[in-house]
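Hi there,

Here is the structure I promised to pass along. Have a look at it first, and then read on for what turned up in it.

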Amino acid sequence: MADGSRTTEARRDAVFGRWVVFSPARSRRPTDLKSHNPTTNPNPGLGGADAPKPSCPFCAGRESECAPEIFRVPPAAAPEASPWRIRVIENLYPALRRDMEPPAPQDGGAKEEEESVPGELVVRGFGFHDVVIETPRHDVRLWDLDAEGVRDVLLAYAARVRQLEEHPAVKYVQVFKNHGASAGASMAHSHSQMLGTPFVPPSITTRLNCMKEVFEKLGNCSLCEIKSKETLISDTPNFSAIVPFAASYPFEIWIIPRQHISYFHEIDQDKALDLGSLLKTMLQKLCKQLNDPPFNFMIHSAPFGLSSSCLPYAHWFLQIVPQLSVVGGFEIGSGCYINPVFPEDAAKILRELDCST
């Protein structure tokens, strides 16, 4: 149970540099915190043989309704006739367009318009926006797959990131998953996405600058420094799952490689299996404890071509954010967050939760 003696306090995060106010008075007991907008199982008709089976363009047999395929797992010489477990396709409604002229490499494509406010930049909307369909079945979620299935999804991410790394105009790739409509998912079928941008997004620069500051003070990477057993949920030979010391969101989880590695896409088969098993368990725990909440997860990696002097403090990790509350004016205006659940309490609840039944 939560420590009832806790009082409000503020903590500064050592990775993103954000201040978080922990205010347990703004919530009931941490164990009572549940999603009020649960994402339903994408196949509510499991209860009867005659019930219609949901279907969508991401389902097996409807591949022709999707945008062009980039690759599939397993690969096949004749994709239209072969079974698949994972498909990586172009996004039918891309935020950035691969058919636009890439920016000039010398300036990243940025130009200052004469009529704009000084400092405002315009960059052509070139980039890559892809979708990873995690399963051919409409009624299967990512954590319903076995560990090997989740591993293969992670390896598909890594393979596509390596492909995008070859494009000279792509500076960063953000891999992410939106689960549930209120978390940004427009399709119920289990999928994730990635965006390759011709610039390094500012939050990535902020993260690296914050981690550099810690490195210069401690002589070590801020993620390698995390050793608290109070915020640990679970660990494996290669990864640790924690609730971060200054979690911006209730029941936020970070999965961190125990070995200092800067780039996610360098992951190998064995580590991907280890990560797949741990990710599956963490998503099961959140689903069970929080009433199947909408969530986002993001893989925070290093930008391509990062200077070797930056690598000692650039450490990739996976962040899972359950969507349990609405971001309000204070958060938007100040950049600070209010979290009603102390990380130590959230970690204890998740650590003790048994998902074997």
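Let's begin with cysteine 59, which sits in the loop that runs between strand E2 (19–22) and strand E3 (69–73). Please keep in mind that this is a predicted model. Cysteine 59 has a relative accessible area of 6%, so it counts as buried, the cut-off being under 20%. Leaving aside residues up to four places away in sequence, cysteine 59 touches Trp84, Pro136, His138 and His189.

Two of those names come up again in a record: an unreviewed UniProt entry lists Cys56, Cys59, His138 and His189 under "binding site". These four span 134 residues in sequence, but no two of their C-alpha atoms are more than 7.7 Å apart, so they gather at one spot.

You will find it in the loop between strand E8 (172–179) and strand E9 (191–197), and it is buried, with a relative accessible area of 0%. Its side chain reaches the backbone oxygen of threonine 135 at 2.6 Å. Beyond residues up to four places away in sequence, the contacts of histidine 189 include Cys56, Cys59 and His138, and Phe58, Ile133 and Arg137 are also among them.

Elsewhere in the chain, take a look at glutamate 331 in helix H4 (residues 329–334). Glutamate 331 is buried as well, at a relative accessible area of 14%. Its side chain reaches the backbone nitrogen of glycine 328 at 3.1 Å. Not counting residues up to four places away in sequence, glutamate 331 touches Cys336, Tyr337 and Ile338.

Note on methods. Residues are numbered from 1 along each chain as its sequence is written. This is a predicted model: local features need pLDDT of at least 70, side-chain atom pairs count only at pLDDT 80 or more; totals for chains, interfaces and linings use all residues. Side-chain values use heavy atoms; hydrogens and water are left out. Helices (H or I, at least four residues) and strands (E, at least two) are DSSP runs, numbered from the N terminus. Buried means under 20% relative accessible area, exposed over 50%, partly exposed in between (1.4 Å probe, protein chains only). A polar contact is a pair of N or O atoms within 3.5 Å; within protein, one must be able to donate a hydrogen and the other to accept it, and residues adjacent in sequence count only if both atoms are side-chain atoms. Contact means heavy atoms within 4.5 Å. UniProt positions are given in the numbering used here, feature names are shortened, and annotations may be inferred rather than shown by experiment.
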